[in-house]
Amino acid sequence: MANKNSTKVYDVIIVGSGAGGGMATKVLSEAGLQIAVVEAGPYFDPADPAQRTQMKWPYESPRRGASSQRPFGDFDSAYGGWEIEGEPYTRVPGTKFDWFRSHMLGGRTNHWGRISLRFGPNDFKHKSIDGLGDDWPIGYDDVKPYYDKVDKLIGVFGTKENLPNEPDGYFLPPPKPRLHELYFIKGSKKVGVPVIPARMSMLTKKINNDRGVCFYCGQCSRGCSVYADFSAGTCLIFPAQKAGGQIDLYVNSVVREVVTNDEGKATGVTYISKDDRQEYALKGKIVVLAASACSSARILLNSKSKQHPNGLGNSSGMVGKYLHDSTGASRAAFIPALMNRDIYNEDGVGGMHIYTPWWLDNRKLDFPRGYHLEMWGGMGMPSYGFGFNVNDLNKHIGEKVGGYGDRLRADVKKFYGSVVGISGRGECIARENNYCELDPEVVDEFGVPVLRFNYTWTEHERLQAKHMHNTFEEILDAMGGKILGDKPGKEDDFGLLAPGRIIHEVGTTRMGNDPNKSVTNAYEQLHDADNVFVVDGGPFVSQADKNPTWTILALAWRTSDYIIEQLRKRNI
Amino acid sequence: MDRRDTIKTMLVGSLAGGIILSACQPDADEKKKSGEDSDGQYGRTEKEKAHDLKVMGETFFNEHEVATIAVLCDLILPASASAGSAVDAGVPEFISFIARDIQSHQLPLRGGMMWLDHEATKRFSQAFILCSVDQQKQLLDTIAYPEDASPESAQGVKFFNLMRNLVLTGYYTSRMGIDDLGYQGNTPNTWDGVPDTVLSKHGLAYEQEWLAKCIDQEKRAVIAEWDAEGNLVN
């Protein structure tokens with residue numbers, strides 16, 4: 001633990017330890033720079049018996065894993081959630097946004113789905129294709145070398161498919177599909193929806209001697225005690241420390257603002273220690289923000305000075321603007337052919353072994369951007385909620401619903417593993433009028449002004465969700481499924497989840513060549529202060545129908561290389 | 001070497017050094033069966049530990065309610081030829097905890113049990129738990145089958161749905177229930193596809209083209225190398 005009253009001047013202060021902060025820590029420390037990593041939450045190591053939830057049984061939790069304490073249940077490794085006591089946020093009336101934060105070493109990489117997709121060439125230039133949103137100032141070719149390096153460093157399974165907008169990479173071989181996934185492959189084929197092996201960052205094969213290989217417990221969301229899946233702590237920060245990097249870790253330390261001098265350049269940060277609720281200062285020559293798209297925007301907006309009266313990096317007024325999350329909708333079905341299953345261990349990797357990347361041409365559809373499909377099901381480990389509405393499915397097979405006694409045991413076994421589902425995750429167009437800003441009145445328990453969100457969906461997203469549901473029904477029907485629940489209508493936004501629920505929010509410090517319309521340049525460097533960088537999802541110009549993590553990692557590496565080069569040239 | 005490094009070495013050494021612990025270690029299996037494989041920790045933060053302790057120290061149900069829950073538990077899931085009852089599996093204790101932890105359960109459970117006693121008194125002039133098993137079942141028959149229940153019993157149906165949900169979830173998340181269900185996972189293994197017998201039962205087969213791309217589990221411990229085009233060479 002670093003000294004709170006440090007007088008040291010760090011080469012780089014990195015705020016946040018998730019995907020972007022972890023990558024910056026690794027690359028910059030390996031270049032010999034002295035690094036301070038400032039993390040709002042505690043130290044976390046999934047291998048520490050005191051913190052480990054992997055391989056626990058449901059009865060080891062008195063609430064059997066219910067979500068009353070952690071939003072994804074007791075065994076999920078993320079500390080935090082959509083609501084954190086003492087750290088509120090607000091919304092403009094009539095708008096929705098749910099903000100998921102995970103304050104801990106490694107941040108949200110500790111529990112994410114590990115779906116690791118590259119953006120394709122079209123994803124960087126979508127305005128040129130459909131006239132909506134904006135193009136990135138960089139293209140796939142700029143990022144490709146870094147995607148390649150990330151693949152090799154961290155490990156991702158997948159297969160070469162030669163699809164135009166789903167670039168292949170350096171893949172480990174995928175695991176074989178499970179039974180319900182074979183049903184999905186067959187059903188999708190019938191209706192012309194392609195399915196390919198999933199692309200996820202679990203090690204199906206060894207990539208070095210420091211990390212273990214997947215032993216198929218299916219619990220990646222709990223964090224892996226042998227480091228066989230990606231999280232920023234286990235795969236980036238710990239190896240950087242082990243390699244002798246000069247890294248001081250400040251945990252439980254909430255950054256309030258970036259401090260700037262008379263020339264408007266950053267000289268460090270101030271932070272509040274959660275341990276004693278005192279404020280401290282850290283000095284650094286470069287500040288790299290990686291606190292998550294909205295937290296980094298908040299820090300910038302709170303960093304007001306004579307030189308930066310609207311907040312640091314905000315001379316354009318663009319900080320917080322263009323906030324966008326993936327769209328999301330889901331549907332489930334009961335598959336009678338999967339009743340009375342032979343029971344065997346099919347935990348597999350945590351999540352899907354197969355998926356469907358976007359496969360249609362939006363020019364022929366009534367919505368402009370695509371979505372991918374994630375399939376789920378199987379004979380999972382019971383936890384709180386298992387056995388609810390135990391035999392409701394009897395109504396689909398002409399048998400009696402309800403009752404008590406021995407028949408319930410038979411019903412539980414009859415239906416175990418017979419329900420499957422599909423989730424669609426799509427691209428939302430980034431718009432200036434979806435944003436977060438400082439709430440003029442509300443502060444958190446540390447006295448720091450909080451964010452106020454303003455986010456609405458448009459017809460683009462609603463029509464996309466409507467299309468998702470049609471697809472779900474076609475596939476589930478082709479699988480012989482009895483589709484559960486009613487199809488959501490217009491009054492329910494066609495089943496679109498509230499923005500923020502998919503936890504892919506990006507865009508709040510977007511990159512661009514025009515300083516009047518963007519916050520950072522193509523190297524994630526602030527237009528307004530050349531020694532401040534943002535390496536989380538903030539600089540994304542558009543989100544794509546992909547999960548953002550792999551692109552955050554690739555861009556953070558690219559930016560770190562740029563920082564090293566600029567230091568060498570004495571430009572910053 | 002700090003604590004993290006020590007733990008890491010330990011685990012990487014024992015679990016992941018190319019040889020995965022056998023899924024069939026007798027010791028582990030014995031412990032699994034008896035439910036003694038818990039070290040009492042499940043990765044709580046200090047704040048969460050304090051919350052658990054606080055909830056465990058509280059009481060909500062009175063004695064009569066506790067007794068009623070136990071009777072309902074064993075009516076809903078009595079012992080079978082091969083597995084114990086809901087009471088044997090500790091479900092009443094679970095329901096007692098979950099009602100303190102998820103407080104929205106409190107009113108429906110308390111009010112529902114009172115509704116049940118009221119109905120029992122109307123029909124049989126005594127509280128539900130004092131009725132004979134036949135009488136108890138007669139009463140449950142009016143609320144246990146949502147499709148057949150009369151509109152006047154709707155509140156009872158709602159209560160019984162909740163109680164049945166909690167009993168089943170409590171049971172099947174207990175060691176006894178997991179064994180009864182037959183869940184085979186939560187143990188290190190090497191997933192290598194759906195068993196052939198299962199595939200043929202479902203009339204399915206892996207496509208050769210797909211299978212050729214999947215992991216060869218014989219080579220899982222060999223460090224991956226690729227050629228310049230990204231093809232795995234080993």
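Is R64(A) buried or exposed? In this predicted model, R64(A) turns out to be buried, because 25 other C-beta atoms sit within 10 Å, and the cut-off for burial is 20 or more. The residue belongs to the loop between β2 (35-38) and β3 (80-81) of chain A.

Stepping back to the whole of chain A, the count comes to 9 helices and 18 strands. The radius of gyration of chain A is 24 Å, which agrees with the value near 25 Å that a compact globule of 572 residues would have. Along the principal axes, the C-alpha trace of chain A spans about 75 × 55 × 45 Å. Of the 572 residues in chain A, 61% are buried. As for contacts in chain A between residues at least 6 apart in sequence, 72% of them join residues at least 24 apart.

In sequence, A333(A) and G481(A) are 148 residues apart, but C-alpha to C-alpha they are 5.5 Å apart in space. Setting aside neighbours within four places in sequence, the contacts of A333(A) are V420(A), L476(A), G481(A), K482(A), I483(A) and L484(A).

Now for the helices of chain A. Helix α3 (residues 140-154) packs against helix α9 (residues 549-568) at an angle of about 110°, and the two axes are 8 Å apart. The pair is therefore roughly perpendicular, α3(A) to α9(A). On the α3(A) side, the contact uses V143(A), Y146(A), Y147(A), K149(A) and V150(A), while α9(A) brings W550(A), L553(A), A554(A), L555(A), W557(A) and R558(A). Sorted by class, this contact of α3(A) with α9(A) has 9 nonpolar residues, no polar ones and 2 charged ones.

Helix α4(A) runs to 12 residues and reaches 17 Å from its first C-alpha to its last, close to the 16 Å expected at 1.5 Å a residue. Of those 12 residues, 9 are buried, so α4(A) is largely enclosed by the rest of the structure. The buried set consists of L179(A), H180(A), E181(A), L182(A), Y183(A), F184(A), I185(A), G187(A) and S188(A). What covers them includes β12 (354-356), β13 (371-376), β14 (419-426) and α8 (459-478) of chain A, along with α10 (196-201) of chain B. Just past the end of α4(A), G192(A) adopts a positive phi of about 75°.

That cover from chain B leads on to the contact between the chains. It takes 83 residues from chain A and 75 residues from chain B. On the side of chain A that touches chain B, α4 (179-190), α5 (232-242) and α7 (406-415) each supply at least two residues. The largest share of that side, 5 residues, comes from α7(A). By class, the side of chain A that touches chain B is made up of 42 nonpolar, 21 polar and 20 charged residues.

Chain B has 11 helices and 0 strands. Buried residues account for 28% of the 234 residues in chain B. Of the contacts in chain B between residues at least 6 apart in sequence, 52% join residues at least 24 apart. One residue worth a look here is K158(B), which is placed in helix α8 (residues 154-172) of chain B. K158(B) counts as partly exposed because it has 17 C-beta neighbours inside 10 Å. Its C-alpha atom is separated by 8.5 Å from that of P146(B), which is 12 residues away along the chain.

Key. Residues are numbered from 1 along each chain as its sequence is written. Chains are lettered from A and ligands numbered from 1 in the order in which they are written. This is a predicted model: local features need pLDDT of at least 70, side-chain atom pairs count only at pLDDT 80 or more; totals for chains, interfaces and linings use all residues. Helices (H or I, at least four residues) and strands (E, at least two) are DSSP runs, numbered from the N terminus. The radius of gyration is taken over C-alpha atoms; the globule rule is 2.2 Å times the number of residues to the power 0.38. Two residues are in contact if their C-beta atoms, placed from the backbone, lie within 7 Å. Ala, Val, Leu, Ile, Met, Phe, Trp, Tyr, Cys and Pro count as nonpolar, Asp, Glu, Lys and Arg as charged, and the others, Gly among them, as polar. Axes are lines fitted to C-alpha atoms, for helices over the stretch in contact, and angles run from 0 to 180 degrees between N-to-C directions. Angles under 35 degrees count as roughly parallel, over 145 as roughly antiparallel, 65 to 115 as roughly perpendicular and the rest as oblique. The expected span of a helix is 1.5 Å times one less than its number of residues.
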